[in-house]
Amino acid sequence: MTGSTFQIKNIFTYLILCWVLVISSTLNAQNSDEKPIEGAISLFSIGYGGDIPFGDIKSRFGNTLKFTLSGEHITSSGWIYNTDFFFMFGDKVKEDPISSFRTTEGFILGDDGLYADLFLRMRGVYLGVGFGKLFQLRENSRSGIKAILNAGVLQHNIRFVDERNSVPQLRADGQKGYDRLTRGFALKETIAYKHLSRNRLLNYEIALDFIQGFTSEVRAINFDTGAGTIQSRMDLMLGVRICWQLPFYHTAVQTIYY
C-alpha cells in the first residue's frame, strides 16, 4: 500500500466517523420540535464516496474517490430537478505514457542529475443536470427513494506530479502530449435513499451512481506513441456516496391559529 493510498483511506475513515457522530447527536433531538415539511424544497448537498471503473477506463485507472456538490429542487408532488458536480481522484494509474523515460530499474532521471520524484495520479470530473422522482415511503414524511437520470460531461486524465520540476519533457505544455485527456457526453443514473427529518436537522442521502461515458481522447497525438489518440471509448463507473444535505423549505401557506 502506498503512502498516499493509506492517507486517502484514513481521510475517508475520519469523514465517515464524523458523519456518524453528527447523525448520532442529531438523532437525540429528532423527536421534538417538528416543523411543516409540505411544499417544494431546494437542497444543497456536499458528498464523499468512491467509484469502481469498468469498460475502457478500467485499463487506465484503478478505483477512485470523489468529492461531490449537488443542487436540487423537489416539487410538492415529488418531481426532482438537479445538477451534480463530481471531482474524482485516485493514485492507481495502470497506463504509463512515460515508460520510455525510465531506467531499467524504473526510475526517471531528472535534469538536476537526481532521480525525479514523479508520481502519476488520476483526475476526473463529471458535470450534469437531471430529472427524476422522489418516492415517499410513508405519509407525513418527505424521506424516500430517489430515482434520477442525469446527462452531462465526463472528463478524466493522467496528472503528473513532479515534486522538483526536474523532468523537462513534462514542463509547461509538455504534459499535454502524455496526459491522455479524455472527454465526452455521459449519462448517469442514480438510486438513492433520501432522509429529511421532520425537525429539519437530520438530512442526508446514500446514493448509488452508474455513469456511462461516451468519450474520446481530445489531444491530436500522443507523444510517447507518435500515433493519433483514441476517438471512441466507453467509460463506465459504478460508485456510492454519502451526502449531507441543507434543505430550504418553500412553504407557500402559513396557517395561523388564533
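Guide: Contact means heavy atoms within 4.5 Å of each other. In this predicted model, local features need pLDDT of at least 70 and side-chain atom pairs count only at pLDDT 80 or more, whereas totals for chains, interfaces and linings use all residues. Residues are numbered from 1 along each chain as its sequence is written, and side-chain values use heavy atoms, with hydrogens and water left out.

Visitor: Which residues does Ile-211 touch?

Guide: Leaving aside residues up to four places away in sequence, Ile-211 touches Phe-86, Tyr-126, Leu-154, Ala-186, Leu-187, Lys-188, Asp-235, Leu-236 and Met-237.

Visitor: What makes a set of residues a nonpolar core, and how many residues has the largest one here?

Guide: The term covers buried Ala, Val, Leu, Ile, Met, Phe, Trp, Tyr and Cys residues joined through side-chain atoms within 4.5 Å. The largest such core has 20 residues, and Ile-211 is among those with the most contacts inside it, as are Met-88, Ile-98, Leu-118, Tyr-126, Phe-160 and Leu-170. At least two core residues come from each of strand 3 (79-90), strand 4 (118-136) and strand 5 (144-162); strands are DSSP runs of E, at least two residues long, numbered from the N terminus. Strand 4 gives the largest share, 4 residues. A second, separate core has 9 residues, including Leu-43 and Ile-148.

Visitor: Why is the pairing of Lys-146 and Glu-72 called a salt bridge?

Guide: The term requires a side-chain nitrogen of Lys or Arg within 4 Å of a carboxyl oxygen of Asp or Glu. The N to O distance for Lys-146 and Glu-72 is 2.8 Å, so the pair qualifies. The two residues stand 74 apart, Lys-146 in strand 5 and Glu-72 in strand 2, and both are buried. A search of the whole structure finds 21 salt bridges.

Visitor: How do you know whether Glu-95 and Arg-180 are buried or partly exposed?

Guide: Buried means under 20% relative accessible area, exposed over 50%, and partly exposed in between (1.4 Å probe, protein chains only). Glu-95 has 21%, so it counts as partly exposed; Arg-180 has 6% and therefore counts as buried. Their side chains meet in a salt bridge of 2.8 Å, N to O. Glu-95 lies in the loop between strand 3 and strand 4, and Arg-180 in the loop between strand 5 and strand 6 (182-196), so the pair ties together parts 85 residues apart in sequence.

Visitor: What is the salt-bridge partner of Asp-235?

Guide: Asp-235 pairs with Arg-233, their closest N and O atoms being 2.9 Å apart. Both residues are buried.
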